[in-house]
Structures are given as C-alpha cells and as structure tokens.
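Subject: Structure for you to look at

Hello,

Here is the structure I said I would pass on. Please open it alongside this email.

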Amino acid sequence: MATFDYADMGATAQELLVEFGGPVTVRQVVTGEYDSDLGQAPTTTVDNDGIGALFDYTAQAAGLANMAGSVIETGDKQLYLAPELSAGGAMPEPKPADLVLALGATWRVVTVKKLAPAGLVLLYELQLRQA
C-alpha cells in the first residue's frame, strides 16, 4: 500500500498561497518570564510576516451564524495562512486575540483551525474580525 506524501501537499499549498495570496503579518504578544524587580512579566510584540489568502465568508458557510454574538458575524473574514514565514522557517501557530495585518486593515483572530494530517502543518485557517 502506497503512503501519502504530506510534505509534497504542504509544498503545493505554500506555492499556491505564494502565487495567489498576498503578504500578511501575524502580530503576537509574547509574555516573558516574571521579573521580581518590575513586579510583572514583560511583554514583547512580535510580527511574523507570512503569506495568506483572505476571503469573505459565503452565505452558505455562515448560515444563520451572521447574527451578533454567534460564531460568524457579518464582516468576518476567512484567512488561509501558509505554515511558513516569508523569510523561511515555521510560522508560529496563531492564537485567538492575535492580530493580523492584511490589505491595509487590522483584524483580530477569533478562531484557528490547523490542518495537520500526520502532524505536518499544511495550512492554518483563521476566522478574523475587524479590530
């Protein structure tokens, strides 16, 4: 029985996003170790430049969820994010409340789905809301 080449699928996904997507920045706030002199743990903002494709949710995908307080609200966007940074290396996994800068706007990450069969990340699917 032949095995499936997930690494090849990951390379294909990356190539398609590079060809048809655009630049995006995932902004994450990283908390350091507790500093007793400061009485708190310092935070640092880290920008991770990557490639992604931004879409509106279709009416069918959103269904009745387009009401305030539901899972998908009017104006939410869907982002397919490549698992590699623009400069190479792995994109840190986005988390809810991270920010995404794309197409001149700032979006807040609501949910993240990681497509990772056999443990190899092929794609991140993010639900975004205007920040």
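This is a predicted model: local features need pLDDT of at least 70, side-chain atom pairs count only at pLDDT 80 or more; totals for chains, interfaces and linings use all residues.

Salt bridges

A search of the whole structure turns up 6 salt bridges. Among them is the pair Lys77 and Asp56, whose closest N and O atoms are 2.1 Å apart. Lys77 is in strand 3 and Asp56 is in strand 2 (residues 43-56), and this pair links distant parts of the chain, 21 residues apart.

Another is formed by Glu73 and Arg129, with 3.7 Å between the closest N and O atoms. Glu73 sits in the loop between helix 2 and strand 3, while Arg129 belongs to strand 6 (residues 123-130), so the pair ties together parts that are 56 residues apart in sequence. Glu73 has a relative accessible area of 22% and is partly exposed. Arg129 has a relative accessibility of 15%, under the 20% cut-off, and therefore counts as buried.

Lys113 and Glu125 also meet in a salt bridge through their side chains, at 4.0 Å from N to O. Because Lys113 lies in strand 5 (residues 105-115) and Glu125 in strand 6, this pair ties together parts that are 12 residues apart in sequence. Lys113 is exposed, at 53% relative accessible area; Glu125, at 21%, counts as partly exposed.

Around Asp76

Arg129 comes up again here: Glu73, Asp76 and Arg129 are linked in a network of salt bridges. Asp76 is located in the loop between helix 2 (59-62) and strand 3 (77-81). Is Asp76 buried or exposed? Its relative accessibility is 4%, so Asp76 counts as buried.

The side chain of Asp76 has a polar contact of 2.8 Å with the side chain of Gln127. A polar contact with the side chain of Arg129 is also made by the side chain of Asp76, again listed at 2.8 Å.

Pro92

Pro92 belongs to the loop between strand 3 and strand 4 (99-102). With a relative accessible area of 31%, Pro92 is partly exposed. What is the C-alpha to C-alpha distance between Pro92 and Gln28? The two are 9.2 Å apart in space, and 64 residues apart in sequence.

Surface patches

Which residues gather in the patch of negative charge on the surface? They are Asp5, Asp8, Glu15 and Glu19. Of these, Asp8 is placed in helix 1 (residues 6-20). Asp8 has a relative accessible area of 45%, which makes it partly exposed.

Leu120 is in the loop between strand 5 and strand 6. The relative accessible area of Leu120 is 35%, so this residue is partly exposed.

Regards

Terms used: Residues are numbered from 1 along each chain as its sequence is written. Side-chain values use heavy atoms; hydrogens and water are left out. Patches are made of residues with over 30% relative accessible area and no salt bridge: like charges are joined within 9 Å, nonpolar side chains (Val, Leu, Ile, Met, Phe, Trp, Tyr) within 5 Å. Accessible areas come from the Shrake-Rupley method with a 1.4 Å probe; for residues, only the protein chains shown count as cover. Lys and Arg count as positive and Asp and Glu as negative; His and the chain ends are not counted. The place of a charge is taken as NZ of Lys, CZ of Arg, CG of Asp or CD of Glu. Helices (H or I, at least four residues) and strands (E, at least two) are DSSP runs, numbered from the N terminus. Buried means under 20% relative accessible area, exposed over 50%, partly exposed in between (1.4 Å probe, protein chains only). A polar contact is a pair of N or O atoms within 3.5 Å; within protein, one must be able to donate a hydrogen and the other to accept it, and residues adjacent in sequence count only if both atoms are side-chain atoms.
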